[in-house]
Amino acid sequence: MITRKNGVLWKDMHGLPIHAHGGWILAHNGYYYWYGEDRRENFYVSCYRSRDLSDWEFCNHILTTESEMEPYRVRTKMQLKRDDGGKINLERPKVLYNEKTGKFVLWAHFENGADYREAAVAIASCRTPDGDFTYHGHFNPYGYMSRDCTLFKDDDGTAYFISASRDNADMHMYRLSDDYMNVDALIHRLWQGEYREAPAVTKIHGRYYMLSSFCTGWAPNQGKYAYADSMEGKWSSLMEIGDETTYMSQPAFILQKDGRILYFGDRWGGNGEKYFESGYVVYPLIEKDGRLSMQFTEEISL
Ligand code: GAL
C-alpha cells in the first residue's frame with residue numbers, strides 16, 4: 001500500500017511524473033494498465049502498469065505522431081498531425097480488451113489541435129495492452145459530434161461508447177460492434193440540454209451508474225450521477241454527487257477493487273504550461289440503498 005496526496009501529479013516507481021491524464025485503467029492478466037493523455041513531445045497516449053495500484057511502472061508511449069496507420073472498415077480520416085506539422089489532440093483515451101479478436105481497442109476524443117470543432121472519435125488497436133498501437137483514424141459516429149467520452153464493457157462482453165454530442169448538450173450512448181471497432185447502434189440520447197461531460201460508468205450489484213461533470217472547460221464543477229437497471233434501459237434523471245467542484249476534480253473513470261469503488265478524477269492545471277501540472281485524485285464512492293455518495297479525502301491509500 002502506498003498513500004498518495006490527492007490533487008497533485010503522482011510519480012512512477014522511478015520518481016518520474018505519471019502522464020496519464022483523462023485516463024483509464026484496464027485490468028488484464030495480473031496487471032492494471034493505466035492509460036491516459038500525455039501531451040509532451042510527440043506523444044499522445046502513454047501507458048503505465050502496476051500489480052496493485054500502488055507502484056506504477058512506465059510501459060510505453062502507445063500512440064504518438066509517428067504511430068503506424070491502417071484504415072479499418074469505416075471510412076475514417078487518417079491524421080496524426082496537422083497539415084502544418086503540429087499535433088492534433090487526442091483526449092480521454094479508453095481501452096478495452098476484445099475476447100473475440102484478441103485485440104486491445106482504444107477509443108479517444110479527436111480534435112484538430114487548433115480548436116474543438118472537429119468533435120470526432122478516434123480508434124486504434126494493438127495485440128498487446130502496452131505495445132505500439134496502430135491508428136485507425138477518426139470519424140463522427142452516424143455523423144454526430146462526439147467530444148468527452150468513455151467506454152464500458154458489460155459482463156457479457158457487450159461494450160458501449162458514451163460521448164457528449166450536439167455541442168455537449170446531450171450525452172449519446174452507442175453499442176459497439178462485436179469487434180469493438182465501430183459503433184453498431186445509437187442506444188440513447190441522454191439528459192437533453194444538460195451539458196454533461198467526462199462520463200464514467202460502473203456497475204454495482206447489478207445496477208449501472210454514470211457519473212459526469214458539467215461543461216466548464218478545465219474548471220471543476222458540480223458532479224452528477226444517474227442510474228439504470230440495464231445500459232440500454234431507462235436512465236434516471238441526474239442527481240448531485242460530491243460538492244460544487246466535485247472536490248476539485250473532473251471524472252476520469254471508476255475502478256472497483258477489493259470491494260472498494262474508486263473514483264479517479266483529474267485536477268486539471270488548465271491550459272498551456274499549467275496542463276502539465278494537472279494532478280490526480282481518487283475518492284471512494286459509497287453505494288447505499290441504490291444511491292451513490294463520494295467521500296472526500298486529502299490522501300488515498302492504494
Ligand atoms: C473539458 C474536458 C477536457 C478538455 C477541456 C478543454 O471540459 O473535459 O477533456 O477537453 O474541456 O477545455
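Let's start at the second largest pocket, which is lined by 17 residues, with Glu91, Tyr116, Asp148, Gly217 and Trp218 lying nearest its centre. This is a predicted model, in which local features need pLDDT of at least 70 and side-chain atom pairs count only at pLDDT 80 or more, while totals for chains, interfaces and linings use all residues. Residues are numbered from 1 along each chain as its sequence is written, and side-chain values use heavy atoms, with hydrogens and water left out.

A pocket here is an open set of points on a 1 Å grid over the protein atoms alone, where a 1.4 Å probe fits and protein lies on both sides within 12 Å along at least five of seven lines; lining residues have an atom within 4 Å of a point. The second largest pocket holds about 300 Å³ of space, a volume being the space filled by probe spheres set on the points, which are joined across faces, edges and corners. Its lining has four nonpolar, six polar and seven charged residues (Ala, Val, Leu, Ile, Met, Phe, Trp, Tyr, Cys and Pro count as nonpolar, Asp, Glu, Lys and Arg as charged, and the others, Gly among them, as polar).

Now for the largest pocket, with about 530 Å³ of space. Of its 21 lining residues, Trp24, Ile25, Phe152, Lys153 and Leu255 are the closest to its centre. By class, 14 of the lining residues are nonpolar, three polar and four charged. Among the elements that give two or more residues to this lining is β14 (197-204); strands are DSSP runs (E, at least two residues), numbered from the N terminus.

Follow β14 onward and you reach an open, antiparallel sheet of four strands in the order β14-β15-β16-β17, where strands pair if DSSP finds at least two bridges between them. Six bridges join β14 to β15 (residues 207-213), and Thr202 stands opposite Tyr209 in β15.
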